[in-house]
Amino acid sequence: MGEVKKHDTPLMDELKSGPWPSFVDDIYSYAEKHKKQAGFDIMGQMELSYKNKETHWKHGGIVGVFGYGGGVIGRYSDQQEKFPAIWAFHTVRVNQPAAKWYHSSALRKLCDLWDHRGSGIMNLHGSTGDIILLGTVTEQLEYIFYDLTHQLNMDLGGSGSNLRTPECCMGMSRCEWSCIDTQDMIHEFTNQFQDELHRPAFPYKFKIKISGCPNDCVAAIARSDFSIIGTWRDDIRIDQEAVRAYVGGELKPNAGAHSDRDWGPFDIKKEVIDLCPTKCMHWDEGQKKLYINNAECNRCMHCINVMPEALRPGLDTGATILMGAKAPILEGAQLSTVIIPFIKTEPPYDNIKNLIYKVWDYWMENGKNRERLGETIQRIGLNRFIVDVLGLKPLPQHVREPRSNPYIFWKEEEVEGGWTRDVAEFRKRHPA
Amino acid sequence: MGEVKKHDTPLMDELKSGPWPSFVDDIYSYAEKHKKQAGFDIMGQMELSYKNKETHWKHGGIVGVFGYGGGVIGRYSDQQEKFPAIWAFHTVRVNQPAAKWYHSSALRKLCDLWDHRGSGIMNLHGSTGDIILLGTVTEQLEYIFYDLTHQLNMDLGGSGSNLRTPECCMGMSRCEWSCIDTQDMIHEFTNQFQDELHRPAFPYKFKIKISGCPNDCVAAIARSDFSIIGTWRDDIRIDQEAVRAYVGGELKPNAGAHSDRDWGPFDIKKEVIDLCPTKCMHWDEGQKKLYINNAECNRCMHCINVMPEALRPGLDTGATILMGAKAPILEGAQLSTVIIPFIKTEPPYDNIKNLIYKVWDYWMENGKNRERLGETIQRIGLNRFIVDVLGLKPLPQHVREPRSNPYIFWKEEEVEGGWTRDVAEFRKRHPA
Amino acid sequence: KPMENRITDIGPPHYWQFLPPVIQRNYGKWKSHEIIQPGVIKYKAESGEVVYAVRCGTPRLETTDYVREICEIADKYCDGYVRWTTRNNVEFHVTDEEKLRALLEDLKSRKHPGGSYKYPVGGTGASVTNIVHTQGWIHCHTPAIDASGVVKAIMDEIFDYFGSHKLPAQVRMALACCLNMCGAVHCSDIAVVGIHRKPPLVEDERLEKVCEIPLVIASCPLGAIKPATAEVGGEKKKTVRVNVDRCMFCGNCYTMCPAMPISDGQGDGIAIVVGGKVSNRISPPKFSKVVIPYIPNEPPRWPTTVKWIKKILETYSKHANKYERVGDWIERIGWERFFELTEIPFTWHLIDDYRLAYDTYRTSVHFKFTSHVETVTEIEY
Amino acid sequence: KPMENRITDIGPPHYWQFLPPVIQRNYGKWKSHEIIQPGVIKYKAESGEVVYAVRCGTPRLETTDYVREICEIADKYCDGYVRWTTRNNVEFHVTDEEKLRALLEDLKSRKHPGGSYKYPVGGTGASVTNIVHTQGWIHCHTPAIDASGVVKAIMDEIFDYFGSHKLPAQVRMALACCLNMCGAVHCSDIAVVGIHRKPPLVEDERLEKVCEIPLVIASCPLGAIKPATAEVGGEKKKTVRVNVDRCMFCGNCYTMCPAMPISDGQGDGIAIVVGGKVSNRISPPKFSKVVIPYIPNEPPRWPTTVKWIKKILETYSKHANKYERVGDWIERIGWERFFELTEIPFTWHLIDDYRLAYDTYRTSVHFKFTSHVETVTEIEY
Ligand code: SRM
Ligand code: SRM
Ligand code: SRM
Ligand code: SRM
Ligand code: SF4
Ligand code: SF4
Ligand code: SF4
Ligand code: SF4
Ligand code: SF4
Ligand code: SF4
Ligand code: SF4
Ligand code: SF4
């Protein structure tokens with residue numbers, strides 16, 4: 001920490017003004033305070049990118065810690081001379097605790113570690129959910145890993161063709177709607193699958209995310225190959241008293257989410273009954289009573305969201321399991337598809353673990369290189385995936401609608417007489 | 001017409017009972033009266049099919065009349081000995097008059113012709129719209145054509161890879177909603193395109209159908225490569241008096257279409273306002289007045305259908321042109337896609353004719369063998385079809401929604417600096 | 001001498017000559033209509049003139065005698081004018097009510113020897129109108145099923161819905177005897193389609209003589225056909241082989257090549273598709289969806305097919321809202337509820353695995369807990 | 001000696017130790033909540049206990065000092081406990097209102113030297129919460145654009161919507177610096193994605209050394225890459241050729257092969273996608289759609305991008321119904337109306353031509369006559 005050199009960064013400096021927290025100010029303050037050349041160099045290299053609108057990182061770079069196949073993203077500058085402090089600028093992915101709760105005592109240790117062994121720059125959190133430590137050199141990697149495991153009781157997250165760091169919504173820790181214990185499940189799965197998380201053996205990446213209810217606050221359905229979403233099978237619980245309080249204007253609709261605009265007085269008909277997607281609700285103005293035809297409810301959460309004091313999910317809770325979400329690369333984006341409409345979630349969640357193992361077995365055997373699970377499902381057909389691969393019953397719940405084309409791939413055993421026919425016999429009946 | 005032989009047809013005979021008109025009774029009555037062996041033989045061969053559940057017609061058979069490449073479907077029995085009178089049983093497709101109006105004088109001539117030169121069996125009409133004369137032998141074809149053209153002033157319809165017989169709804173002849181003169185247009189087009197109709201020069205079949213309004217009573221959007229559907233641009237005409245008569249129960253909703261069931265008294269809110277797909281209608285209970293926000297109307301016809309005495313399409317009429325409908329073979333079924341949202345339709349419809357020629361030119365040059373227009377559009381991309389092939393502006397009306405994938409095929413001329421880049425230059429900026 | 005004085009390309013006769021005078025006078029100037037009873041529509045022109053259209057079902061497959069009888073009726077009541085609808089019904093037009101009553105009486109009285117009506121009146125409004133259909137065993141070379149016979153069997157059973165207005169909305173039915181779907185089966189409320197379920201036979205002996213091998217290969221949408229050589233009677237013949245695991249039984253190869261017959265009495269049968277529509281009314285046009293992948297071919301009266309169609313129709317009739325087409329009803333209640341209410345078993349065949357399949361996957365947790373859903377507690381591994 | 005006493009596969013620390021006592025006590029027994037002001041949610045447990053969660057925006061890209069300051073705040077008000085949300089906001093928890101007021105005051109006072117707030121409070125309810133984003137030029141090798149800088153520019157401009165509840169519903173924004181879309185861009189109300197527009201360069205000299213040619217070829221979703229041989233300095237080298245007319249600039253080849261760089265300062269830029277969502281509330285989750293195919297890359301403040309995003313956001317805010325997400329609003333009014341209201345030009349790029357394109361075609365006459373529609377009278381041939 002001797003002489004440090006600040007580069008001229010007029011473009012980056014433009015990002016200091018304005019109300020939103022400025023990462024430029026933050027990094028410069030840090031670099032100056034800690035006399036970290038890496039901080040100045042990274043700003044310098046970014047300035048260059050801002051000028052010619054191209055990244056100055058080289059392609060890839062395979063680095064890691066012993067015995068692990070992931071958790072570190074190698075990165076090298078293509079401006080080695082100009083910015084020597086960031087000649088290497090690897091990322092370390094650290095597995096976050098479930099739902100990202102921390103105590104300052106743990107966080108501070110992490111900061112100490114990173115001041116010492118890295119750039120001091122980080123992301124809280126990465127898009128997958130990891131703690132991202134941004135920028136270190138190859139030699140530090142084993143030390144970082146040592147400190148993490150020995151001092152912080154922490155471990156690396158995933159990268160490469162393996163299980164990625166599982167992630168969940170805050171669930172039961174703070175949310176009244178969580179139908180399942182998302183944090184316990186994520187913790188359990190993460191530990192169960194440590195080997196798959198650290199040692200790439202899959203055709204491509206695999207992500208597990210868990211939301212406690214259909215609001216899906218961890219975007220499981222959009223971002224995870226294996227999405228678990230809490231739900232319930234019985235009736236929405238109603239506190240009629242509280243419903244009346246909403247109708248009477250004593251309680252704020254949607255818990256006050258619309259407080260800064262005058263949307264007029266709460267209108268239960270317009271704001272709840274008419275917006276219910278299944279039209280299964282009825283407000284009896286005379287009785288001042290809310291009725292829900294729960295058999296028709298599709299658990300969209302709207303009514304519960306609008307009147308959280310009055311309505312709550314039922315008590316027969318469990319999860320819907322969906323599979324296959326992914327970003328566009330290669331074949332186009334996918335959302336996850338319903339595979340098990342309702343599964344019970346009792347620790348240690350052996351049923352779900354078994355399902356995951358089943359999926360992996362098949363996918364590892366049959367998935368093509370860099371083929372996400374969703375793409376495998378599309379390639380072999382959702383019907384075959386459900387029936388032949390998972391041994392489940394095909395259900396109307398699996399699809400939004402049945403096929404409109406009549407192009408059915410009948411199996412030989414389904415067709416009386418099989419497929420072998422005799423041409424001569426046929427021509428006896430039907431001379432050409 | 002000497003000795004005739006009736007076959008034993010216990011299965012066919014089962015189709016004589018029951019209230020729906022029995023074609024079996026009809027054919028037997030006819031065969032007996034006219035002593036037509038073909039009638040008995042066709043029943044005999046069908047009996048055989050009913051027994052072993054397979055057709056007894058041979059594959060294809062190319063027959064026709066001189067100078068025409070279509071209009072006749074060749075057909076030969078594979079039971080030549082058993083049913084000699086139908087050894088050949090070709091179909092003649094006769095181009096129907098627009099919207100299928102007839103006078104008995106013409107129809108009788110047709111019956112005479114067919115008694116004389118064919119089986120006496122026919123379809124009124126074929127699925128494409130033709131008069132179908134079912135069952136004759138090769139030698140009769142030229143005579144039939146002669147009689148048709150000379151005595152009946154009729155001509156053949158289409159078959160094979162050519163323009164098929166155009167068809168329309170009854171339009172202005174009887175329907176109050178027809179925004180365009182469907183019959184005049186169909187007649188005009190059919191005559192304009194006689195060559196294309198009779199001499200196959202296309203990659204595959206091509207169908208034109210015209211409906212006078214979005215009710216689409218000729219199913220143009222589902223069955224025609226080129227679908228013309230009448231519509232209007234201005235406001236729905238409202239007779240408030242009549243609206244009140246509906247509300248008051250004096251007029252029957254939907255012209256009495258629901259008369260045999262008690263659906264309760266007419267409720268304009270429930271039956272019209274709430275069902276309007278764009279929610280652009282308002283019934284003012286105080287004023288007893290109906291309001292339509294026409295800018296938001298998508299001309300679905302529902303309100304007009306429900307209250308035909310009160311509401312009528314506007315007066316600035318024209319057509320929407322859609323293209324590409326087809327049945328599943330080969331790549332899957334398609335509905336037609338909007339290509340021109342609003343086109344004026346003035347005789348002799350040169351604008352539409354020109355559009356058709358443009359489409360044909362491109363398709364004949366670029367369509368693959370047995371590729372319907374809709375499949376060509378899918379293969380080259382709707383955007384390229386609209387812009388590059390037809391020279392039209394791309395509009396949001398062309399799509400239900402914009403693309404969700406970001407996989408855009410940029411053209412070189414759109415990208416500053418083009419596509420040719422210098423590797424050495426790049427590596428100067430970015431050492432590897 | 002049919003080639004003498006040849007006349008060609010004259011096109012169809014001009015429609016104007018076939019329009020009844022009242023239609024000519026009011027062409028394009030109609031004002032409104034009313035269905036005064038099932039099958040009878042009264043049209044009012046701006047001029048104040050009125051015409052009654054009487055619609056009758058026909059079997060479509062008919063003889064010249066049947067048509068002559070129509071001419072006779074037209075002459076008697078309608079000055080000889082008559083028209084057919086786009087769904088093969090015939091329509092008579094009269095201008096006064098007295099003639100209308102007489103005509104209706106007359107039509108009712110005309111029956112075939114077996115007792116069926118020749119010209120049943122109906123097909124308007126919230127009814128099941130005529131079933132659009134195709135050739136079947138009476139004329140086509142590719143059918144998996146008959147056409148007119150199946151239609152007769154179905155219409156006999158649901159005849160009552162043809163002549164009455166008691167359904168929630170119009171129900172458009174169709175039938176096609178093979179996947180070529182010569183009609184609008186793919187956009188019908190309820191439809192029947194004939195399907196093959198065995199791969200084509202390959203007649204090695206004949207193939208090279210009667211088929212163009214490259215065209216045959218190109219004809220398969222799935223590329224399941226490959227060129228091959230076979231020894232037939234000591235001779236080498238060019239032929240093809242079908243990868244039966246990739247065949248979806250579309251029959252397109254047979255269309256292109258007579259030496260690849262696909263029909264099979266054992267394998268062929270019926271699929272039922274529902275929920276399609278054509279009109280733009282309320283909801284946009286949409287495709288029918290396969291709900292029963294296979295019912296055995298059961299001539300002469302196809303009882304299983306008829307049973308299911310009636311079941312679907314009546315379940316719809318019982319549960320749908322006024323103005324709600326079959327497909328709109330199902331979308332409102334959800335397909336899972338449809339399968340529950342109709343008691344149609346849901347099988348793997350119904351899950352799409354063709355080109356646009358992904359867009360049919362259920363990518364939300366929006367579903368209902370119908371009887372199909374079991375609570376899963378254990379999964380074996 | 002980092003290899004000594006090696007500990008591996010211990011997984012993350014157990015979350016329980018990090019839960020504030022009030023959370024531990026009421027775990028799974030929360031009853032309801034109320035957002036008492038933007039950024040502050042009050043939770044009530046069945047036990048009657050209460051906790052206030054205070055949410056603050058963060059830039060996500062931050063230093064240990066910034067995190068240490070968070071620890072300091074947590075220590076001061078929250079016994080050291082703190083959490084991050086799934087969208088990179090930080091949350092402080094207090095149990096009494098007095099502490100809450102003090103905390104809020106404190107947070108407001110903390111600013112960076114340039115004047116920006118360090119911990120702006122907001123992101124709850126009908127707001128724009130934090131923009132989920134990616135690395136960009138600070139770390140990744142494939143970006144077309146920067147990430148944190150663009151986010152800063154956008155959030156500065158629409159800052160007011162972060163700390164208030166004045167939108168019709170929550171608006172979830174995201175940014176990804178390339179088509180890999182590391183986030184939920186593909187399901188966001190409004191999102192920014194970096195795109196390339198020039199085909200990859202091919203470094204013939206280096207390619208066979210650094211890439212596995214079969215994998216490179218297989219990496220292209222469109223099969224646009226073919227093997228080739230090139231002469232470089234008299235030497236024959238195995239390499240590849242790109243059929244530029246089939247390239248859609250996805251960059252997947254570069255991911256697999258460093259000798260095929262795709263970034264280009266001139267060609268790269270931004271696409272805006274809108275109307276996606278994740279939650280199942282009212283409507284099912286859905287994809288975002290591309291509405292602006294390209295905006296030039298304009299560091300440091302991307303004014304054109306910022307302008308359009310604000311325009312879309314405020315047009316939505318003005319026209320949507322309460323509870324209506326961006327995508328639901330657009331579907332209600334129709335995409336043609338969306339383009340008219342926002343004044344975004346509709347170009348050919350927006351019409352899908354990828355695998356499921358057909359399902360996006362307008363196959364009905366359900367559309368509105370927006371300003372886009374001209375009445376066509378003539379067509380030239
Ligand atoms: C760091 C992170 C972005 C961030 O700033 O947060 C990231 C960064 C990269 N992602 Fe990602 N992805 C990150 C979350 C995601 C997500 C979001 C998620 O996990 O919820 C997605 C979308 C969901 C999904 O998996 O589909 C995502 C979809 C991709 C893809 C496209 C995968 C696909 O199937 O479409 C690639 C391309 C690839 O794998 O080759 C990719 C590739 C990459 C690579 C490794 C670049 C590459 O071409 O190899 C990036 C390294 C950047 C760097 O230098 O640090 N990244 N990536 C995220 C991981 C942090 C963490 O561990 O917490
Ligand atoms: C006669 C008719 C059925 C009927 O009973 O009414 C018919 C009969 C045949 N059609 Fe058709 N099609 C008939 C209207 C249709 C329609 C409906 C329409 O035109 O509105 C369609 C669906 C719309 C469309 O064109 O897509 C139709 C879609 C097909 C197809 C599938 C085409 C596709 O692109 O998916 C084939 C297969 C083919 O072309 O090879 C086909 C092929 C055939 C062939 C020629 C059989 C073959 O494999 O070559 C049939 C001859 C039967 C025979 O022996 O008489 N027919 N065909 C209809 C023509 C009568 C007329 O001229 O009025
Ligand atoms: C005569 C005919 C046109 C022709 O040129 O032949 C016709 C005539 C009328 N149609 Fe139609 N439609 C005719 C085939 C169709 C078709 C085509 C088809 O079925 O293949 C459709 C589209 C079917 C579909 O959507 O799947 C069709 C969808 C409609 C609709 C929309 C109904 C709906 O609920 O979606 C209306 C409006 C209504 O009924 O209120 C309609 C309304 C009408 C009106 C009221 C129009 C008028 O003012 O004259 C006519 C009498 C209706 C009635 O029968 O109750 N017509 N109509 C056709 C009679 C067929 C038959 O014999 O049964
Ligand atoms: C803290 C957090 C979960 C976590 O584990 O970190 C969370 C917390 C809550 N969410 Fe969420 N959601 C969180 C991310 C999400 C996400 C994921 C995302 O944005 O990537 C979604 C799906 C987004 C989407 O649909 O595109 C999400 C969709 C919802 C919804 C559905 C809203 C809708 O209109 O569609 C609700 C219901 C509501 O807001 O009334 C909800 C409701 C809630 C409630 C009210 C649940 C509760 O009772 O505690 C929480 C406070 C809401 C608020 O902020 O106004 N949460 N919520 C996440 C905060 C993110 C942030 O910092 O801004
Ligand atoms: S997904 Fe449901 S359970 Fe989880 S935080 Fe969001 S609202 Fe609560
Ligand atoms: S959760 Fe949704 S579907 Fe169920 S009752 Fe409430 S609003 Fe209706
Ligand atoms: S399509 Fe329209 S104009 Fe034609 S008959 Fe039907 S309702 Fe009348
Ligand atoms: S035509 Fe349809 S969209 Fe237009 S006002 Fe009537 S019901 Fe509404
Ligand atoms: S549907 Fe098939 S079998 Fe029936 S007529 Fe058409 S082509 Fe022939
Ligand atoms: S039936 Fe269809 S899928 Fe099967 S081989 Fe023939 S063309 Fe191919
Ligand atoms: S979106 Fe692309 S450029 Fe951005 S971090 Fe992910 S892989 Fe890298
Ligand atoms: S950028 Fe994508 S489409 Fe273009 S060559 Fe590379 S992999 Fe293929």
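**Ground rules**

I am working with a predicted model, in which local features need pLDDT of at least 70 and side-chain atom pairs count only at pLDDT 80 or more, while totals for chains, interfaces and linings use all residues. Residues are numbered from 1 along each chain as its sequence is written, chains are lettered from A and ligands numbered from 1 in the order in which they are written, and side-chain values use heavy atoms, with hydrogens and water left out.

**Entry 1: chain A as a whole**

I started with the secondary structure of chain A, which comes to 15 helices and 14 strands. Helices here are DSSP runs of H or I with at least four residues, strands are runs of E with at least two, and both are numbered from the N terminus.

Along the principal axes, the C-alpha atoms of chain A fill a box of roughly 90 × 80 × 45 Å.

How much of chain A is buried? I found that buried residues make up 67% of its 432 residues. Buried means under 20% relative accessible area, exposed means over 50%, and partly exposed is in between, using a 1.4 Å probe and protein chains only.

Next I checked contacts, meaning heavy atoms within 4.5 Å. Among those in chain A between residues at least 6 apart in sequence, 64% join residues at least 24 apart.

Then I looked up the domains, whose bounds come from an automatic or database domain assignment. Chain A gets domain 1 (1–159), domain 2 (160–231 + 317–431) and domain 3 (237–312). The C-alpha centres of domain 1 of chain A and domain 3 of chain A lie 47 Å apart.

**Entry 2: who sits around the ligands**

For a ligand shell, I count a residue as near if one of its heavy atoms lies within 4 Å. For classes, Ala, Val, Leu, Ile, Met, Phe, Trp, Tyr, Cys and Pro count as nonpolar, Asp, Glu, Lys and Arg as charged, and the others, Gly among them, as polar.

Ligand 5 has several cysteines around it, including A:Cys169, A:Cys175, A:Cys213 and A:Cys217.

Over in chain C, ligand 10 is surrounded by residues including C:Cys220, C:Cys247, C:Cys250 and C:Cys253. Its shell divides into 10 nonpolar, one polar and no charged. I also checked C:Cys250, which counts as buried because its relative accessibility is 9%.

Donors are N, O and S atoms within 2.8 Å of the metal (3.2 Å for Na, K and Ca), and water is not among the atoms, so sites may look incomplete.

The iron atom of ligand 2 has a single donor from the protein, the SG of C:Cys182, 2.3 Å away. I found C:Cys182 in the loop between strand 7 (173–176) and strand 8 (190–195) of chain C.

The iron atom of ligand 3 also has a single protein donor, B:Cys217 (SG), at 2.3 Å. B:Cys217 lies in the loop between strand 7 (208–211) and helix 8 (220–223) of chain B.

**Entry 3: disulfides**

A reminder to myself: a disulfide is a covalent bond between the sulfur atoms of two cysteines. The cut-off used here is a pair of cysteine sulfur atoms within 2.5 Å.

How many disulfides does the structure hold? There are two over all chains.

One of them is in chain C, where the sulfur atoms of C:Cys211 and C:Cys257 are 2.1 Å apart. C:Cys211 lies in the loop between helix 6 (204–210) and helix 7 (213–219) of chain C, and C:Cys257 in the loop between helix 8 (252–256) and strand 11 (269–274) of chain C, so the pair ties together parts 46 residues apart in sequence. Both C:Cys211 and C:Cys257 are buried.

In chain D, a disulfide joins D:Cys211 to D:Cys257, S to S 2.1 Å. The torsion about its S-S bond is about 75°, so this disulfide is right-handed. D:Cys211 is buried at a relative accessible area of 8%, and D:Cys257 is buried at 0%.

**Entry 4: one aspartate**

Last, I looked up D:Asp268, in the loop between helix 8 (252–256) and strand 11 (269–274) of chain D. Is D:Asp268 buried or exposed? It is buried, because its relative accessible area is 0%. Leaving aside neighbours within four places in sequence, D:Asp268 is in contact with residues including D:His196, D:Arg197 and D:Tyr294.
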